[in-house]
Amino acid sequence: MGVCGSKSSNPIDDVIKKDRKAQQDLVKLLLLGAGESGKSTIAKQVKLIHLSGFTVAETDSYKSTIYNNIITSMQTIIQAAIDWDIEFSKEGKEATYLLQNTTPDSLTDADVVEAVKYLWCKDEAVKAVWKRSNEIQVIESAKYYFDEIDRIVDPAYKPTTDDILRSRQKTTGII
């Protein structure tokens with residue numbers, strides 16, 4: 001009448017043994033550090049070097065992150081110039097007005113792209129702020145993205161490994 005000698009637990013025991021074996025082969029890595037200290041970058045590098053890299057979908061998803069990095073970096077520079085009373089040229093004022101009132105997804109708009117390019121390449125106010133970029137909260141890869149903007153805004157653009165590793169997005173939770 002009892003179940004003491006029952007063999008019904010053997011399939012369950014087999015699953016437990018299989019799961020235990022899988023867990024032994026699994027490597028877990030805990031990265032701790034302050035914000036902006038490179039934890040996510042290390043995770044991306046581990047994925048590239050030791051795993052299969054990024055899928056096409058993952059690579060495509062970084063496009064919006066990179067666009068966001070470009071727009072928010074230029075908006076930060078513009079705000080610093082305003083805060084520090086650095087005057088923009090007439091064309092620079094028009095470009096800043098456009099960029100202050102835009103969203104990252106509008107980097108596909110030709111006027112927005114031209115505004116970023118003008119400010120980065122020609123406006124003395126942006127150059128003056130960039131010389132003091134260590135005094136503001138702007139991502140370190142901003143210069144890279146501004147210099148590469150023609151390639152990045154191309155409709156056929158696919159983020160490169162360098163683009164992905166330089167991208168910054170606030171990470172919350174487990175990756």
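Which residues have the most contacts inside the largest nonpolar core? They are Ile-70, Met-74, Leu-99, Leu-107, Val-116, Leu-119 and Phe-146, in a core of 36 residues. This is a predicted model, where local features need pLDDT of at least 70, side-chain atom pairs count only at pLDDT 80 or more, and totals for chains, interfaces and linings use all residues. Residues are numbered from 1 along each chain as its sequence is written, and side-chain values use heavy atoms, leaving out hydrogens and water.

**The core**

- A nonpolar core here is a set of buried (under 20% relative accessible area, 1.4 Å probe, protein chains only) Ala, Val, Leu, Ile, Met, Phe, Trp, Tyr and Cys residues joined through side-chain atoms within 4.5 Å.
- H3 supplies the largest share of this core, 10 residues.
- Beyond its neighbours within four places in sequence, Val-116 is in contact (heavy atoms within 4.5 Å) with Ile-70, Ile-71, Met-74, Leu-99, Phe-146 and Ile-149.

**H3 against H4**

- Helices are DSSP runs (H or I, at least four residues), numbered from the N terminus.
- H3 (residues 56-83) packs with H4 (residues 90-100) at about 125°, their axes (lines fitted to C-alpha atoms over the stretch in contact) lying 10 Å apart.
- On the H3 side, the contact is made by Ile-71, Met-74, Gln-75, Ile-78, Gln-79 and Ile-82, and on the H4 side by Thr-96, Leu-99 and Gln-100.

**The loop between them**

- Asp-85 sits in the loop between H3 and H4, with a positive phi near 55°.
- Most residues other than glycine have a negative phi.
- Asp-85 counts as exposed (over 50%) because its relative accessibility is 68%.

Notes: Axes fitted to C-alpha atoms, helices over the stretch in contact; angles between N-to-C directions. Helix = DSSP H or I, 4+ residues; strand = E, 2+ residues; numbered from the N terminus.
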